[in-house]
Amino acid sequence: MIYLDNAATTRVCPEAAQAALAAMTEDFWNPSSRYAAGAGAAEALRSHRATVAAALGCLPEEVVFTSCGTEGDNWAIQAALEHGKRKGRHIVTTAIEHAAVLEPLRALAGQGYEVTYLRPDRQGHIDPAGLAAALRPDTVLVSMMLVNNELGTILPVKAAAEAIRAAGCPALLHTDAVQAFLKVPFTPKDLGVDLLTISGHKVRAPKGIGALYIRKGLKLKPLLLGGGQEGGLRPGTEPTAQIAALAAACRVWMDHREAYTERMRETKDHFLSSFSAALPQGVVVSPGDAPHICAVSLPGYPSEMLVRELSDRGICVSSGSACHRGKPSHVFAATGRPKGELLGVLRVSFSPESTPAECDTLVNALSEISSARVAAR
Ligand code: PLP
């Protein structure tokens with residue numbers, strides 16, 4: 001099986017799986033228990049939080065564990081609006097956010113909030129000047145992802161922070177950094193964000209764990225009410241196995257960060273040049289600024305058909321996160337590229353494990369599929 005859909009999820013690394021197993025079968029104690037074993041679990045939790053904070057480049061007390069990226073995004077949005085409720089009801093976001101941001105915002109628009117969507121150019125980039133122009137004295141939230149999950153483009157989050165400061169508007173700035181975490185260099189402080197979401201399963205930790213960065217000093221409404229864990233902000237007995245695994249995955253990634261980045265970028269570049277050489281009718285929709293995501297298209301070949309035919313050959317790639325029933329995903333559609341091009345889009349995404357040989361197999365398969373189609377006409 002050739003797996004080139006690492007923006008969807010990644011294989012858990014052995015170190016993370018081992019850390020989870022040990023936390024489930026040996027050190028399975030409740031960190032809130034008062035006996036020594038419980039104190040040991042609490043100490044392990046402190047150490048794992050410090051590891052994730054080091055990977056993010058923030059303070060341990062700025063990291064709150066969540067169950068996934070979707071939870072982090074939803075909570076950040078709700079909490080930011082609660083924070084700004086006396087100042088306004090205007091939100092700025094982009095048209096290419098993940099559903100974990102767009103869907104809560106759609107629900108809020110039905111509750112009297114006004115949402116301004118910034119549109120990307122044909123390459124999937126957002127113009128910071130558009131954001132500055134969209135800010136108003138009643139803007140209470142700007143939510144802009146750092147790396148787009150279908151195009152691999154990097155969005156101008158730092159410029160957004162500067163624009164908010166320059167406009168003197170009361171907005172909190174949230175970024176969905178689910179696809180950026182460990183893959184492009186940033187720290188929340190450098191970006192100037194108040195809230196930042198990450199998810200474990202994109203960086204070789206298991207599904208079911210993520211974190212929300214909350215800038216020190218920012219007082220947020222808790223997500224849940226309960227036993228006081230996570231500083232009372234996100235109570236519930238801590239998922240110690242998933243947290244241990246996330247910390248282990250972060251440690252491994254940090255230890256190999258430069259090599260991983262270089263390997264993914266080289267693999268992606270190899271794929272893009274073989275694709276262009278073998279398929280002159282193909283289009284590179286987005287080469288991706290981030291090292292691990294790109295999007296290509298075979299105009300006239302619907303993505304769903306390509307994904308199915310590739311799957312029959314043991315190759316996994318994606319048609320984008322929400323491409324179905326003959327409609328391009330909202331992300332590709334927002335770029336305004338020709339419809340024929342958009343309907344044939346494939347997202348190819350890499351992990352440090354991906355190889356140029358796998359890319360060659362994918363390109364050969366695409367060439368065969370396209371020749372068979374031409375012959376059948
Ligand atoms: N945000 C982005 C950019 C994503 O790519 C994803 C997952 O694909 C999410 C949020 C949701 O993360 P999770 O699957 O952990 O809920």
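In which crossing does H3 pass H4, left-handed or right-handed?

1. The model is predicted: local features need pLDDT of at least 70, side-chain atom pairs count only at pLDDT 80 or more, and totals for chains, interfaces and linings use all residues. Residues are numbered from 1 along each chain as its sequence is written, and side-chain values use heavy atoms, leaving out hydrogens and water.

2. H3 passes H4 in a right-handed crossing (the near helix is turned clockwise from the far one by less than a right angle). Helix H3 covers residues 69-83 and helix H4 residues 99-109; they pack at about 35°, with axes 8 Å apart. Helices are DSSP runs of H or I, at least four residues, and strands are runs of E, at least two. Axes are lines fitted to C-alpha atoms over the stretch in contact, and angles run from 0 to 180 degrees between N-to-C directions.

3. To this contact (heavy atoms within 4.5 Å) H3 gives Thr70, Asp73, Asn74, Ile77 and Leu81, and H4 gives Ala100, Val101, Pro104, Leu105 and Leu108.

4. The largest nonpolar core has 74 residues, of which Phe65, Phe186 and Leu196 touch the most other members. Helix H8 (residues 240-255) contributes the most, 10 residues. Such a core is a set of buried Ala, Val, Leu, Ile, Met, Phe, Trp, Tyr and Cys residues joined through side-chain atoms within 4.5 Å.

5. Val283 lies in strand S9, residues 283-286. Val283 is buried, at 17% relative accessible area (buried is under 20%, exposed over 50%, partly exposed in between, with a 1.4 Å probe and protein chains only).
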